Amino acid sequence: MRSIPTLLTFVLALYWNTYLGGEQSAPPLTAVRQRLTTDLAKLPNHVCTATFEQSQPAQDATGQTYCTGQPDPESPDIEVTSRVRVSVGFVGGKRIFGWPTGESLSQEDLRVLVPGLAHDGDMVSLAILLLASNPVMAEAGAQDRCGRPALRYDFSVPAEKSAWVLRLGSDNIVIGYHGTLWIDRSSMDPVELVMIADHLPASFEGASIIRQLNYSRATIGSNRILLPERATVVTTDADGNRTKSVVRFDECQEYRAESVIHFEPQDPDVVSSAREITRADPAVVLPERFKAELLLQSAVDSNTAAVGDPVRARLKRDIKFKGKTIVPKGTLFMGRITRMELHTGHRLLDIALLYIEIGGRRLDIATGRRNLLDLRYPGRILPGPVSAEGPRIFFPREHELVFVSTAEVASQEAPRR
């Protein structure tokens, strides 16, 4: 099986040489082909942060375009209904995913990690989708795009030559599309790719689907590589209701080994105490049940937070068992945001604590234990997800949480014969 960079290089070379090669080849497109193949040949294994947002913008927002390096054209009042942040690695020709909380990248299907996403941000497939389909391209001349001098090429791909698959329940339907590719006139870098679905199935009558992909250069290792910066899918139903799904890629860096997030060091007294405990009892066995009062180490704001974001809380008082300090004051409890949604004007947010950093090691507090986290939100009585009227939930730094953990005891009853 070909790796993704190799496959894309092959497809690009095949397309450009077969359909735009020879004496009829347009010089700007030839330059684009050369730059793309050069970039792909030197693309190293790398990992990026991907942020997925879904919103329901106003109907009159249709046609507004995002420009690289500029604010989103939508009104700042547009409410994001859900936001998810993951680490995505491009390693050995494969895409692998993981949470940005220190775990390894191991999941190859993002929809297993985060069910319900409108799309998984597979930008390479979008390029193959267009270039492998032998589109009919027409040069539309010079046209500024987002304030940049650009060349515009319009194209169309009929369904019988298309690779765009629309999933309807258990059915996969191939659809045709048309669109536009803009190329920077000075650098010959692709600037933007727009794809508009044609002849949707009868169940989509009156609806529309638009994909937009924006490119920019990022430094990975010692190279400046052309990479997708943002992808947008806008769907509009027959009644004019719009859903907008956006994927942003940033913080890309070369991938050399398993990435682990390192947090700020503890106070010297706490580190010393933790080391003493670790030396005395390397296993650091937690009590069957314990209660921990915690203080958030950074604010949590639903206006910017995402599912997957790391959460740190510091222990307010020692956890003791039979008079002995098991976990010292100041120990970091680590977790992540597990829910961040907006439903019927109510914001929902939840956090799960996963492990303790103690004695230079991580102690799992999620596996084999029943945990309750009281987020101490005003008006909230029971532990669990916080639901608030309005679009925003905010926890300031030093906000107090209460965590109760109980070991799950396996049944001691002997099996019946």
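Visitor: Which backbone oxygen lies 2.8 Å from a polar atom of the side chain of Arg314?
Guide: The backbone oxygen of Gly330. Before going on, a word on the source: this is a predicted model, where local features need pLDDT of at least 70 and side-chain atom pairs count only at pLDDT 80 or more, while totals for chains, interfaces and linings use all residues. Residues are numbered from 1 along each chain as its sequence is written, and side-chain values use heavy atoms, with hydrogens and water left out.

Visitor: What does the side chain of Arg314 make a polar contact with?
Guide: The side chain of Gln297, at 3.3 Å. A polar contact is a pair of N or O atoms within 3.5 Å; within protein, one must be able to donate a hydrogen and the other to accept it, and residues adjacent in sequence count only if both atoms are side-chain atoms.

Visitor: Does Arg314 count as buried or exposed?
Guide: Arg314 counts as buried because its relative accessibility is 13%. Buried means under 20% relative accessible area, exposed over 50%, and partly exposed in between (1.4 Å probe, protein chains only). Arg314 is found in strand β15, residues 310-315.

Visitor: How many helices and strands does the chain come to?
Guide: Five helices and 24 strands. These are DSSP runs numbered from the N terminus: helices are H or I with at least four residues, strands E with at least two. Of the chain's 417 residues, 47% count as buried.

Visitor: Switching topic: how many residues has the largest nonpolar core?
Guide: It has 52 residues, and those with the most contacts inside it are Val86, Leu294, Phe333, Phe395 and Phe403. Strand β19 (residues 346-358) gives the largest share of this core, five residues. A nonpolar core is a set of buried Ala, Val, Leu, Ile, Met, Phe, Trp, Tyr and Cys residues joined through side-chain atoms within 4.5 Å. A second, separate core of 25 residues includes Val32, Leu151, Tyr177 and Ile183.

Visitor: And what is Phe403 in contact with?
Guide: Leaving aside neighbours within four places in sequence, its contacts include Phe290, Leu294, Phe333 and Leu353, along with Lys291 and Asn371. Contact means heavy atoms within 4.5 Å.

Visitor: Now Asp198. Where is it found?
Guide: In the loop between β9 (190-197) and β10 (208-220). Asp198 is buried yet has no salt bridge, and the nearest side chain of opposite charge, Arg152, is 13 Å away. A salt bridge is a side-chain nitrogen of Lys or Arg within 4 Å of a carboxyl oxygen of Asp or Glu. For charge, Lys and Arg count as positive and Asp and Glu as negative; His and the chain ends are not counted.

Visitor: Which side chain does a polar contact of 2.7 Å join to Asp198?
Guide: That of His178.

Visitor: Back to strands. How many bridges join β5 to β8?
Guide: Eight, and the two strands run antiparallel, with β8 covering residues 177-184. Within this pairing, Tyr153 stands opposite Leu181 in β8. Strand β5 (residues 150-157) also pairs with strand β4 (residues 136-142) in the antiparallel sense, over six bridges. Strands pair if DSSP finds at least two bridges between them.

Visitor: Last one: what is the phi of Thr344?
Guide: Positive, about 45°, although Thr344 is not a glycine. Thr344 is exposed, with a relative accessible area of 78%.
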